Amino acid sequence: MDYKEKALLLHEQWAGKLEIATRAPLDTADDLALAYTPGVAEPCKKIAEDPSLSYKYTRRGNMVAVISDGSAVLGLGNIGALGAMPVMEGKCALFKKFGGVDAFPIVLDTQTEEGIINAVSALAPSFGGINLEDISAPRCFNIERVLKEKLDIPVFHDDQHGTAIVVLAAFINALRLTGKKAEDCTVTISGPGAAGNAIAKLLVNSGVGNVIMCDRKGALYRGRDNMDWAKTELAEITNKTGVKGGLREAVRGADMFVGVSGPGLVDADMIKSMNSRAVVLALANPVPEILPAEALAAGAFIAGSGRSDFPNQVNNVLAFPGVFRGALDCRARTISEGMKIAAAYALADYVKDELRPDYVIPSALSPVAQFVAKAVKEQAIKEKLNRC
């Protein structure tokens with residue numbers, strides 16, 4: 001029985017990966033009177049007078065909504081709200097297992113920006129944070145942007161920022177191993193979708209010297225035709241040297257390649273054209289842009305992928321449970337760039353004493369959430385984004 005067959009069988013047996021558990025005893029008449037009527041009226045009145053007390057008297061302070069419209073689910077594409085539900089349940093299970101965060105899956109029967117923004121805004125009072133998931137680009141960028149402006153709780157699109165945090169952690173440790181400086185490095189990224197967009201921005205904000213983004217038509221640069229607003233925005237902050245041409249030209253002389261695009265787009269000659277001690281993170285799943293063994297054989301110093309059967313797996317589970325744990329613990333109003341960078345350094349530092357080319361980021365099952373949470377919380381307090 002392969003993974004597909006076994007997963008289908010187990011999902012049938014589980015009938016869902018989540019269930020509701022009660023924290024209050026409900027065994028006696030007094031229990032009912034305290035947990036429900038008439039006793040429940042007292043916290044209700046207190047919260048009505050001071051909404052911030054919802055964090056004291058309800059589970060809101062440990063609750064995250066995992067929300068999707070089903071438009072970009074894993075590698076399956078637009079399979080709709082119900083098709084996305086098993087993934088959202090799985091995400092919630094990971095939140096609980098790795099971060100101790102209670103998360104609830106919500107799939108929306110709308111794929112318009114306005115519909116998603118209105119629905120999430122209406123749901124927000126029930127939660128301490130919003131995790132957007134599997135919403136296609138470029139809509140996801142504006143949806144997150146508007147929600148962050150409207151809401152006073154953290155809004156985090158994990159497909160973007162979770163991936164970016166782990167990539168930055170790998171880059172930080174690659175610098176430690178190679179002795180290079182961020183400001184002297186060029187990073188080429190293939191795929192300006194949700195993950196690629198966030199990776200580029202986080203690397204730029206972290207002091208990387210030059211980031212070159214490529215789509216199917218080649219490198220993005222100022223004034224290029226056939227770019228949507230998101231790519232135009234990226235072109236303003238990337239490609240300082242004005243590189244034109246395809247991926248092959250953009251990779252030449254780069255210190256790191258990050259692939260969040262499609263299978264087999266990179267060959268050995270392209271790796272050989274990169275700078276010495278190059279880093280190759282080919283994250284397309286299940287078939288990467290280039291297999292790690294092929295990248296190493298062509299001269300790469302560090303190779304990683306999105307797969308668990310190769311070293312240096314870039315897995316979002318290393319980031320999002322700890323990021324939300326830290327944000328919730330200090331009741332942060334948002335998740336800033338500084339908090340993301342702090343999370344990346346915490347991940348990088350976790351393996352600093354064992355650092356080697358095939359171990360620049362922790363394994364997906366490493367207990368890193370508490371370390372990430374501490375760094376995120378401290379940064380939120382430093383930036384005065386906390387409310388406790």
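# Structural report

P38 stands in the loop that joins α2 (29–35) to α3 (41–49); helices are DSSP runs of H or I with at least four residues and strands are E runs of at least two, numbered from the N terminus. The peptide bond leading from T37 into P38 is cis, and its omega is near 10°.

The model is predicted: local features need pLDDT of at least 70 and side-chain atom pairs count only at pLDDT 80 or more, while totals for chains, interfaces and linings use all residues. Residues are numbered from 1 along each chain as its sequence is written, and side-chain values use heavy atoms, with hydrogens and water left out.

## Backbone features in loops

A cis peptide bond also links A137 to P138, with omega near 5°. P138 belongs to the loop between β3 (129–132) and α7 (139–150).

The loop between β3 and α7 is also the place of D134. The phi angle of D134 is near 55°, which is a positive value in a residue other than glycine. D134 is buried, having a relative accessible area of 4%; buried means under 20%, exposed over 50% and partly exposed in between, using a 1.4 Å probe and protein chains only.

N226 likewise has a positive phi, near 60°, and is a residue other than glycine. The loop that holds N226 runs between β7 (218–219) and α10. With 58% relative accessibility, N226 is exposed, whereas D134 is buried.

T238 occupies the loop between α10 (229–237) and α11 (247–251). The relative accessible area of T238 is 5%, which makes this residue buried. When neighbours within four places in sequence are set aside, T238 has contacts with V204, N210 and V211, a contact being heavy atoms within 4.5 Å.

M63 is part of strand β1, which covers residues 63–68. M63 too is buried, with a relative accessible area of 18%. In sequence, M63 and V101 are separated by 38 residues; in space, their C-alpha atoms are 6.5 Å apart. Apart from neighbours within four places in sequence, M63 touches D102 and F104 as well as S126, F127, G128 and G129.

## Cysteines

The structure contains 0 disulfides, a disulfide being a pair of cysteine sulfur atoms within 2.5 Å. C330 takes part in no disulfide, and the cysteine sulfur nearest to its own belongs to C388, 6.0 Å away. C388 is in no disulfide either, and its nearest cysteine sulfur is that of C330, 6.0 Å away.

## Pocket and cavities

Points are joined across faces, edges and corners, and a volume is the space filled by probe spheres set on them.

The second largest pocket has 17 lining residues, and those nearest its centre are I20, A21, R23, R59 and D102. At least two lining residues of the second largest pocket come from each of α5 (80–99) and β2 (102–107). The largest share of that lining, 4 residues, is supplied by β2. D102, named above in the lining of this pocket, is also among the contacts of M63.

The model has 3 cavities of 30 Å³ or more. The largest cavity is lined by F171, A174, L175, T178, K180, C185, D255, M256, R277 and V279. Helix α8 (residues 158–178) contributes most to this lining, with 4 residues. Around the second largest cavity lie F98, V317, L318, P321, G322, A364, S366, V368 and A369.

The table sets out volumes and lining classes; Ala, Val, Leu, Ile, Met, Phe, Trp, Tyr, Cys and Pro count as nonpolar, Asp, Glu, Lys and Arg as charged, and the others, Gly among them, as polar.

| Space | Volume | Residues in the lining |
|---|---|---|
| Second largest pocket | about 660 Å³ | 10 nonpolar, 2 polar, 5 charged residues |
| Largest cavity | about 50 Å³ | 6 nonpolar, 1 polar, 3 charged residues |
| Second largest cavity | about 40 Å³ | 7 nonpolar, 2 polar, no charged residues |

Methods. 1 Å grid on protein atoms, 1.4 Å probe; cavity = no way out; pocket = protein on both sides within 12 Å on 5 of 7 lines; lining within 4 Å.
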